[in-house]
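Please keep the sequence and the three-dimensional view at hand while reading.

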Amino acid sequence: MMHDQDSSRQLARLIRSRRSVRRFAGRPVSDREIETLLEAARWAPSGLNNQPWRFVIIRDGKLRQEIATLTKYGKIIENAPVSIAVFLDNQSLYHREKDIQGIGAALQNILLMAHGLGLGAVWLGEILKNAKRVGELLELPTRYELMAVVAVGHPDPDHKPPVKERRPLAELVLKRL
Ligand SMILES: Cc1cc2nc3c(=O)[nH]c(=O)nc-3n(C[C@H](O)[C@H](O)[C@H](O)COP(=O)(O)O)c2cc1C
């Protein structure tokens, strides 16, 4: 249960220590681990509980290479053993902005769960410039709109991702009323 101080501290530590992982060890990611990531995504909040997220799991090497050509961060996709492409189902929309926000929550759940499992992951957005091409490559109906690709793998033990600093709260809180 998330009610005791210890688990809140653990959660805070998990959130704080997550980094975008862009370098991977060769070791494969199991189907079970992928299920755990998708399960975390599935339990994200969404407006009206609309659950507009859809997923494509990409392990196939040739497909990964093809998708990699669609972003300047393609090397990351090529080197990660698996990528999860996350889509918005435009035929299940209730409110575009809120549906997209819910997908953001699902994406963060994937990243945090990956970190909790000792996996590494990175949210790739630059590829959205070629969102249509990704859908075509995956042979998806046009109702599915790409929101992000998450590259997943075991972190390269010889590379520690740099900590990207965050703005202090004092700059972020506009008012305390
Ligand atoms: C919407 C979004 C798009 C992103 N797109 C990319 C991307 O295309 N390529 C990449 O290497 N990282 C991408 N990132 C990861 C960010 O660069 C990263 O989260 C940020 O620099 C903070 O670093 P951290 O995640 O290690 O704390 C994206 C993150 C978000 C939330």
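This is a predicted model: local features need pLDDT of at least 70, side-chain atom pairs count only at pLDDT 80 or more; totals for chains, interfaces and linings use all residues.

Two strands are said to pair if DSSP finds at least two bridges between them. By that criterion E2 and E4 pair, running antiparallel with 8 bridges between them.

**Overall build**
- The protein chain contains 7 helices and 4 strands, which follow one another from the N terminus in the order α-α-β-α-α-β-α-β-α-β-α.
- The chain is as compact as a globular protein of 177 residues, because its radius of gyration of 17 Å is close to the 16 Å given by the globule rule.
- Along its principal axes, the C-alpha trace spans about 50 × 45 × 35 Å.
- Of the 177 residues, 28% are buried.
- Among contacts between residues at least 6 apart in sequence, 80% join residues at least 24 apart.

**Strand pairing**
- Within the pairing of E2 and E4, Phe87 stands opposite Leu146 in E4.
- E3 also pairs with E4 in the antiparallel sense, over 5 bridges.
- Ala121 stands opposite Val152 in E4.
- Strand E4 is mostly covered, with 10 of its 10 residues buried.

- In soluble globular proteins, nonpolar side chains tend to be buried together.
- The largest nonpolar core here has 40 residues, and Val86, Ile110, Ala121, Val150, Ala151 and Val152 have the most contacts inside it.
- Elements that each supply at least two residues of this core include helix H2 (31-42), strand E1 (53-58), helix H5 (96-116) and strand E4 (144-153).
- The largest share of the core, 8 residues, comes from E4.

- Val86 lies in strand E2 and counts as buried because it has 21 C-beta neighbours inside 10 Å, where 20 or more are required.
- Beyond its neighbours within four places in sequence, Val86 is in contact with Trp53, Phe55, Ile103, Ala106, Leu107, Met147, Ala148 and Val150.
- One of these contacts, Ile103, is 17 residues from Val86 in sequence and 8.1 Å from it in space, C-alpha to C-alpha.
- Ala151, leaving out residues up to four places away in sequence, touches Ile76, Ile77, Ala80, Ser83, Ala121, Val122 and Leu124.

**Ligand surroundings**
- Around the ligand are Arg19, Ser20, Arg22, Tyr73, Val122, Trp123, Leu124, Gly125, Glu126, Pro161 and Lys164.
- This shell comprises 5 nonpolar, 2 polar and 4 charged residues.
- Val122 and Leu124 belong to the ligand's surroundings and are also touched by Ala151.

Methods. Residues are numbered from 1 along each chain as its sequence is written. A nonpolar core is a set of buried Ala, Val, Leu, Ile, Met, Phe, Trp, Tyr and Cys residues joined through C-beta atoms within 7 Å. A residue is buried if 20 or more other C-beta atoms lie within 10 Å of its own, exposed if 12 or fewer, and partly exposed in between; C-beta atoms are placed from the backbone. Two residues are in contact if their C-beta atoms, placed from the backbone, lie within 7 Å. A residue is near a molecule or strand if its C-beta atom, placed from the backbone, lies within 6 Å of it. Ala, Val, Leu, Ile, Met, Phe, Trp, Tyr, Cys and Pro count as nonpolar, Asp, Glu, Lys and Arg as charged, and the others, Gly among them, as polar. The radius of gyration is taken over C-alpha atoms; the globule rule is 2.2 Å times the number of residues to the power 0.38.
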